[in-house]
Amino acid sequence: IRLGQEPNDDFGCKDCNIILITLTNLRYDHISGNGYFRPTTGALDAFAAESIVFDNAFAHSSWTLPEGISIFTSLYPYRHGVMNRYDGSILSQNTPTLIDVLGEQGYLTAGFSGGFDYDAAFGLTNRFGEYQECIEGKDEGIWRYGKLSCSAPKALEWIQNHRDRKFFVHVQGYDPHCPFSQEGSRYDPDYAGTVDFSNCLWTFEKTEQRIIDGKPYYPVYSPTTEGRASVLLGKEDVNHLIALYDESITQSDAVIGSFLEEIEKLRISDNTIIIFTSEHGDMLGKQGRFMRGGPLRGTFYDDVLHIPFFIKHPKLDPTRIDGLVEHVDIMPTLLDFLGIKKPSVLDGKSLVPLIGEGKEVNKYVFAGAEFHPENSPYFQESTRIETIRSREFKLIRETTISTDTPFSALELYDLKNDKEELYNVAEGRTDILNELLLKLNDWSEKMRDST
């Protein structure tokens, strides 16, 4: 393909509509089509069978605000600078987004989200020609994340009313995000425990088990425990938490399936590209960690960063691709499909060479962000967490910043022999450690120096 010019016959989809669906908190490995043991995602599996599936796609942060902006700007979090909800961070109006670029090319643009980290105040979603949030109980507390069951019907109605024009639509929901239903689970109906899952439960570092009456329990935090890790999760509670998480995936999968069926009925599939991904995944007890707790050490395990990524392109045959790709690659890839000139400063790469010729686009993928606590009962220190991964190894580094008690930790994982990232081999593989550390330092300094 001739980058920034007219798309060629193989990949080109000039003036095609774009539908971007993001299901926040969905892990790659909890999709049934990716080998998960539960039938969580029948509709997504069917969609994947018609799509280009990227089996090694990765996010750049552990939470939605910086990651959503990275998807739309093709910039790593350090470069777009929005890494905190509460310090007034706003995306610069001088930073072009996919919304802006398509709008300038005559596209109608619309966004339908679950709100919160997609709030227009952060400087991203206010750029849509039309933007609507779905927030249940907005005035009742911050734990009301809007769902696809609200945003998808709104998006569908908008598409039905504007299908005679080329359009770009983003549809987002927080369905697999805590808190979860208390009504039981199709996957664990016999649960007899007493843990309240109507609040989020999380940890901020590796949690050691407590042995009570001979049984192990994980101490976790809740908004109701005032900064104390006083909720205890036994094995049956953790299993039920995972079952509730899986049920929320299955419920949202049904919504996605209905949405895609209705899109098919509109007879616009021949000129519409549909992308599906998740901003990030979640921790469900591995390494004694629950949720993500901000970008602290451990939250960059693949449970969090390894995300699903599908592209259904009307002119491309379905296939599965195992090359390394990143969220920042979405924008340049779409613009190449459309034959639209790309902004001059993008961190991502077009995936067209990978799709068309199997050429490696990314030898390494990166993630990195900072977290600065604001009056938090859980955090005292500002931290920076970064990772670099190849096909074979992954390095995670956490450091404290602007502190009187500096701290730094490194975790190196041999992904070929330890896919679950359970055994830190930093001491035994200093050759790989030093090689990756040098490349991570170069990337980190370049990103932070350019802000």
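This is a predicted model: local features need pLDDT of at least 70, side-chain atom pairs count only at pLDDT 80 or more; totals for chains, interfaces and linings use all residues.
A salt bridge, as the term is used in this talk, is a side-chain nitrogen of Lys or Arg within 4 Å of a carboxyl oxygen of Asp or Glu. Good morning, colleagues.

Side chains of opposite charge can pair when their charged atoms come close. Across the whole structure, the search finds 23 salt bridges. Consider Glu50 and Lys312, which form one of these, with the closest N and O atoms 3.0 Å apart. This pair links distant parts of the chain: Glu50 sits in the loop between α1 (42-48) and β2 (52-54), Lys312 belongs to strand β12 (residues 309-312), and the two are 262 residues apart. Are the two partners buried or exposed? Glu50 is partly exposed, its relative accessible area being 43%. Lys312, by contrast, has a relative accessibility of 18% and counts as buried, because the cut-off for a buried residue is under 20%.

A second pair joins Arg384 to Glu370, and here the closest N and O atoms are 2.7 Å apart.

Which residues touch the most other members of the largest nonpolar core? They are Phe54, Phe72, Phe168 and Phe309, in a core of 62 residues. Helix α8 (residues 330-338) gives the most to this core, contributing six residues. Apart from this core lies another, of 52 residues, which includes Phe112, Ala155, Cys178 and Leu201.

Setting aside neighbours within four places in sequence, its contacts are Ile18, Leu20, Phe72, Leu98, Ile99, Leu102, Tyr107, Leu108, Thr109, Ala110 and Phe128.

Let us return to helix α8. The helix is mostly covered, with nine of its nine residues buried. Those residues are Ile330, Met331, Pro332, Thr333, Leu334, Leu335, Asp336, Phe337 and Leu338. Leu335, found in this helix, has a relative accessibility of 0% and so counts as buried. Beyond its neighbours within four places in sequence, Leu335 is in contact with Leu98, Val101, Leu102, Ile340, Lys341, Lys342 and Pro343. For a sense of distance, the C-alpha atoms of Leu335 and Glu435 are separated by 34 Å, the two residues being 100 apart along the chain. After α8 comes Gly339, with a positive phi near 70°.

Finally, helix α6 (residues 235-265). How many residues does α6 have, and how far does it reach from its first C-alpha to its last? It has 31 residues and reaches 45 Å, close to the 45 Å expected at 1.5 Å a residue. Just after α6, Arg267 adopts a positive phi of about 60°.

That concludes my presentation; I thank you for your attention.

Conventions:
Residues are numbered from 1 along each chain as its sequence is written. Side-chain values use heavy atoms; hydrogens and water are left out. Helices (H or I, at least four residues) and strands (E, at least two) are DSSP runs, numbered from the N terminus. Buried means under 20% relative accessible area, exposed over 50%, partly exposed in between (1.4 Å probe, protein chains only). A nonpolar core is a set of buried Ala, Val, Leu, Ile, Met, Phe, Trp, Tyr and Cys residues joined through side-chain atoms within 4.5 Å. Contact means heavy atoms within 4.5 Å. The expected span of a helix is 1.5 Å times one less than its number of residues.
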